[in-house]
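Reader: I am new to this structure and would be grateful for a guided introduction. May we look at it together?

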Amino acid sequence: MASIHREISIDAPPEHVWSAVRDIGALHTRLVPGFVTDTTLEDGARVVTFGNGSVARELIVDVDDGARRIAWAAVGTRMTHHNASLQVFAENGGARAVWIADLLPHDLAPAITPMIEQGLGVMKRTMEGSVDRGAGPTAAAAV
């Protein structure tokens, strides 16, 4: 099984990052706009439309506020197995986001890895740009 582990430091309070991560129906507006262009909630799942046009149905396995961790499984794709998690940690006055995905078949990992890296980059820019640092309006509307 291919296991992809990526993480990124975010100059924003972990509570701020977690608030957007746990809002499972707002990926396209709060967390990764552009990387995800639409999110539709269904019973126990979300349907995610990515900026590259691909669509995935993700079963929400867990949203753990105590651990600041969300887990999901993509179903109905070319992958025969997919489970992933995103966890937010406090780190040096900011946050660290850790995204882990396990998938089969192995040969899909080279296509999925850059998507995860791109998603984390968009998350970093969005979260850092939407933090109210006490200097007036946030930059969230400009993202």
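Reader: How many of the 11 residues of β7 are buried?

Author: This is a predicted model, in which local features need pLDDT of at least 70, side-chain atom pairs count only at pLDDT 80 or more, and totals for chains, interfaces and linings use all residues. Residues are numbered from 1 along each chain as its sequence is written, and side-chain values use heavy atoms, without hydrogens and water. Strands are DSSP runs of E of at least two residues and helices runs of H or I of at least four, numbered from the N terminus; buried means under 20% relative accessible area, with a 1.4 Å probe and protein chains only. Strand β7 is largely enclosed by the rest of the structure, because its buried residues number 8.

Reader: Over how many bridges does β1 pair with β7, and how many join β6 to β7?

Author: Two strands pair if DSSP finds at least two bridges between them. Strand β1 (residues 2-10) is antiparallel to β7, and Ile10 has Ala95 as its bridge partner there. Strand β6 also runs antiparallel to β7, with Val88 opposite Ala97. The counts are 9 bridges for β1 and β7 and 11 for β6 and β7.

Reader: Which residue in the turn of the hairpin formed by β6 and β7 has a positive phi?

Author: The hairpin leaves 2 residues between its strands. A positive phi of about 50° belongs to Asn92.

Reader: Is Ala73 buried or exposed?

Author: Ala73 lies in strand β5. Its relative accessibility is 16%, so Ala73 counts as buried.

Notes: Buried < 20%, exposed > 50% of the residue type's maximum accessible area, 1.4 Å probe, protein only.
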